[in-house]
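This report describes selected side-chain contacts and the contact between chains. The structure under discussion is shown first.

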Amino acid sequence: MLDRKSPPPYKKVDSIHLPEVAHLRLKGGMPVHIIDAGKQPVLRLEFIVKNGAVSEKVLGQSFFATKMLTEGAGPYSSKEIANILDAHGAYVEHHPGLDYCTLTLYSLSKHLPSLLPLFRTILTQPTFPEHEFNILKDIKKQQIKVDETKNAVVAAKRFREALYGEHTYGRHLYQEDLDRIALQHVVQFYEDNIRNGFEIMLAGQVDQQVLDLLEEHFGDLPFRDLRGSTTSVTGTGETSRINIEKEGSLQSSIRQGKVLFNVTHPDFHKFTVLNTALGGYFGSRLMKEIREERGYTYGIYSNLIPLKNSGYFLIGTDVIGEHTEDTLNEIKRQIQLLQSETIDPEELETIKNYMVGTFLGSLNTPFALADKYKTVYFNGIDLEFFTDHVRQIYDTSAEDVKRLATDYLDPDTFTTVVVGKV
Amino acid sequence: MIDYKAFTLQNGLQVFVHEDTATPMAAVNILYNVGSKDEDEHKTGFAHLFEHLMFGGSMNIGNYDEPLQRVGGENNAFTSPDITNYYITLPAENLETAFWLESDRMMSLSFDPKVLEVQRKVVIEEFKQRYLNQPYGDAWLKLRPLAYQKHPYRWATIGREIKHIEDATLDDVRKFFFKYYLPNNAIMVVAGNVDFEEVKRLTEKWFGPIPAGKPYKRQLPAEPKQTSARLETVEADVPLNALYKTFHMPGRNDQRYYIADLLSDVLGRGKSSMLYQRLVRDTQMFADISGYVTGSMEPGLLVISGKLKPGFTHQQAEEEIAAIISKVQEGVSEEELQKVKNQAESSLVFSEIELLNRAMNLAFSALLGDPDLVNKEAEYIQAVTADEVQAMAREILVPENSTTLHYIAKPKA
């Protein structure tokens, strides 16, 4: 008779196969990082500059400088660029970030020879047409308008503003900022902070032909190693409760947390274990209490969000308006439990296995591998970081969890934003 | 190209195995052939609510998630108008845990009243979070009953109204389970670093003893041919005016589906598309606009949707869209067609990068009646001709086949 009550035996994941990354420099100096993996004939090329909104003098410069790259370059108009990309089934993403700006190309390998000449032009000869700039600005204005009606978006913005205040990490684009920024600011940002600063992160099926193509189209370009700021950003240190009433809301969006640290901090790895226990997975204490016991929400999560020179801890949820205070009290209680009572060994074991198993699963595609590599490369650490990550997860003791909860998650140091039915 | 081998258990469970030894992981995808289209019209939203209950403990296993997390796995599920799909990814060496968990909940649930009470609340919050408390979140709640009058696609998967979810009973839950959650109404795909013979052994061991049930014979009312244009205007608390327009089109089981799909791409996929270039770039009438298809099994919808910039009226937008439709009805150039085929080819290849996607695509193709469809789609797309796209445009992009929803942004008080 089949025993359906007892789980089958299982094995702990004991080895993690890390990405192998090759590096080369093109003749002119442009660095290329290569993750050759996967069975599909595809490539992702990320053109990354180590400069982002933190280098802005006028709010919005990096956003528009990145967006405008594909709005006109050399002889190509915005429409022609869109046409060439679409005609090859290629897909481009713009990521104007706080610390880095990235232009990403997804393409079938076979189309690369047709697309790289265009990309050389995009990266080196953007024309910044005024007409397209005004269209983008107007579209952005409308998007901001729509976002301002979403409680979750408003809460996330106000939360980061409260944490970092006037620092770029706390700034967002608003409609009035768009009236202040002019095309010359955008061009200036490109010249000062982007031109010749690109590195290439290449992931997918990479062969010699691909590398030859890169040399052919980018080999003669000079490279400026832009390092950006490395000064640690500590935030405002203020603890506040911000309520924003939105009439007619059916739910409240809650964002709560504080400035902590990023991946370079010695407590980073073990803190992720604590975070998983509190709100980092479906079986977390917050999910169990707020969703699975009380049914106040569709979901609640916590996370440590790393930035280049800082990092912040965030708890987020959308709950029934009337239960906002209950939820906040319950979050506090759950943190206090982690501080005062040692975590059950069974629970800790599940968390560790879950974390390592899903980490293994997260190395599943060439693009995910490249993302992992970026984490270490841009933080100036080496790939050992990930073996260490797994080892430290397994090494985390119940005492560690308690200590970290006590050291870092004092609810009195939190900033809280509630948007909706306050 | 997705390779697979297949077998069927005596109880009717269809199994497909896709081996990929490059990954240390395994994916287990179980598709139940039941969606919101199978619901009673007075109990809508039930298939999705039921999906939540599938995580509330089964006959022999009190907690579904914990034992899976314990072995390094994770899972989720989704419900659509056509299917309810459950999936697990886990380290391949712990594959048997997935079989243990999935077979037990296919055999029977715990039917714990507390689980129903809590998940009912959770789903109501999901309803609010995703559909009611978002600008334009209720668009499909309004569009579906307008575009469909007889076919059960006329309600959204989340349900027609919160009341239906509030009214669900444990008796409904039991009946639903024993009607649809049968081995002979399911398709399982096991993919990744797995061995076919081992999968077969595990399937027989864990799923073999589950008895087959009475086969579910789907008999849904067909949607009568639409004969006149439909329009609804709603004033809502949204920041910008918006426009949604749908046209009935062939379902996934019809070869002509691919023609309509490419037609929607010509109209509104990406920045080089006709709608985007004309309405966002040239006239600057829209903040965004796109064209796409719902991709449903039975006759679905080709959709055009976008948000208008302040200062432009729905009337102006309608005229512009009509002009673009006339243009595609006059013909699509070979170049334009090749462009959208390349886009479609690219999407297909990229969709095969993730192991789990490969598993899901295979399961869905099997449900459509031909598992190898997953590998044939690329050919079907390439075979479409410009004449066919033009004919499709003339056939479906006509006012009498259209349903339109105009959102009017309520002026700020």
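## Charges over aromatic rings

In this predicted model, B:Lys200 is placed over the face of B:Phe7, with 5.7 Å to the ring centre. A second case in chain B involves arginine: B:Arg105 lies over the face of B:Tyr64, and here the distance from the ring centre is 3.8 Å.

## Aromatic pairs

A pair of aromatic rings is described by the distance of the centres and the angle of the planes. Over all chains, the search of the whole structure returns 52 aromatic pairs. One of them joins A:Tyr281 and A:Tyr354, with 4.9 Å centre to centre and 40° between the planes, which makes the pair tilted. A:Tyr281 belongs to the loop between α9 (268-280) and α10 (285-293) of chain A, whereas A:Tyr354 belongs to helix α12 (residues 345-361) of chain A; the pair therefore ties together parts that are 73 residues apart in sequence. A:Tyr281 has a relative accessibility of 7% and so counts as buried. A:Tyr354 also counts as buried, at 12% relative accessibility.

In chain B, the rings of B:Phe111 and B:Phe178 form a tilted aromatic pair, 6.0 Å centre to centre and with 40° between the planes. B:Phe111 is found in the loop between α3 (95-107) and α4 (113-132) of chain B, and B:Phe178 in helix α7 (residues 170-180) of chain B, so that this pair ties together parts 67 residues apart in sequence. With 11% relative accessibility, B:Phe111 counts as buried. B:Phe178, at 49% relative accessibility, counts as partly exposed, because the exposed class requires a value over 50%.

## Contact between chain B and chain A

The contact draws on 72 residues of chain B and 73 residues of chain A. Between them the two chains bury about 6100 Å², of which 56% is on carbon and sulfur atoms. Of the area that chain B buries against chain A, 12% is supplied by B:Gln69, B:Arg70 and B:Arg281, more than by any other three residues.

Between chain B and chain A the count is 8 salt bridges. B:Lys271 forms a salt bridge with A:Glu71, in which the closest N and O atoms are 3.2 Å apart. On the side of chain B that touches chain A, at least two residues each come from α2 (65-70), α3, α4, α8 (196-207), α10 (274-282), α12 (334-351) and α13 (355-367) of chain B. The largest share of that side, 11 residues, is provided by α4(B).

## Helix α10 of chain B

How many of the residues of α10(B) are buried? The helix is mostly covered, with 7 of its 9 residues buried. These buried residues are B:Met274, B:Leu275, B:Tyr276, B:Gln277, B:Leu279, B:Val280 and B:Arg281. B:Arg281 is also one of the three residues named above for their part in the area that chain B buries against chain A. Just after α10(B), a positive phi of about 55° is adopted by B:Gln284.

## Salt bridges within the chains

Side chains of opposite charge can pair when their charged atoms come close. Over all chains the count comes to 59 salt bridges. In chain A, A:Arg44 and A:Glu46 form a salt bridge whose closest N and O atoms are 2.9 Å apart. A:Arg44 is buried, its relative accessible area being 4%. A:Glu46 is likewise buried, with a relative accessible area of 4%. A network of salt bridges links A:Arg44, A:Glu46, A:Asp371 and A:Lys374.

A further salt bridge in chain A is formed by the side chains of A:Glu347 and A:Arg285, at 2.9 Å from N to O. This pair links distant parts of the chain, as A:Glu347 sits in helix α12 of chain A and A:Arg285 in helix α10 of chain A, 62 residues apart. Both A:Glu347 and A:Arg285 are buried. In chain B, the salt bridge of B:Lys376 with B:Asp370 has its closest N and O atoms 2.7 Å apart. B:Lys376 counts as partly exposed at 25% relative accessibility, and B:Asp370 is partly exposed with a relative accessible area of 24%.

Technical notes: Residues are numbered from 1 along each chain as its sequence is written. Chains are lettered from A and ligands numbered from 1 in the order in which they are written. This is a predicted model: local features need pLDDT of at least 70, side-chain atom pairs count only at pLDDT 80 or more; totals for chains, interfaces and linings use all residues. Side-chain values use heavy atoms; hydrogens and water are left out. Rings of Phe, Tyr and Trp (its six-membered ring) pair if their centres lie within 6.5 Å; planes under 30 degrees apart count as stacked, over 60 as edge-to-face and the rest as tilted. Helices (H or I, at least four residues) and strands (E, at least two) are DSSP runs, numbered from the N terminus. Buried means under 20% relative accessible area, exposed over 50%, partly exposed in between (1.4 Å probe, protein chains only). A charge sits over a ring if NZ of Lys or CZ of Arg is within 6 Å of the ring centre and within 35 degrees of the ring normal. Contact means heavy atoms within 4.5 Å. Buried area is the accessible area (1.4 Å probe) that two parts lose on being put together, summed over both. A salt bridge is a side-chain nitrogen of Lys or Arg within 4 Å of a carboxyl oxygen of Asp or Glu.
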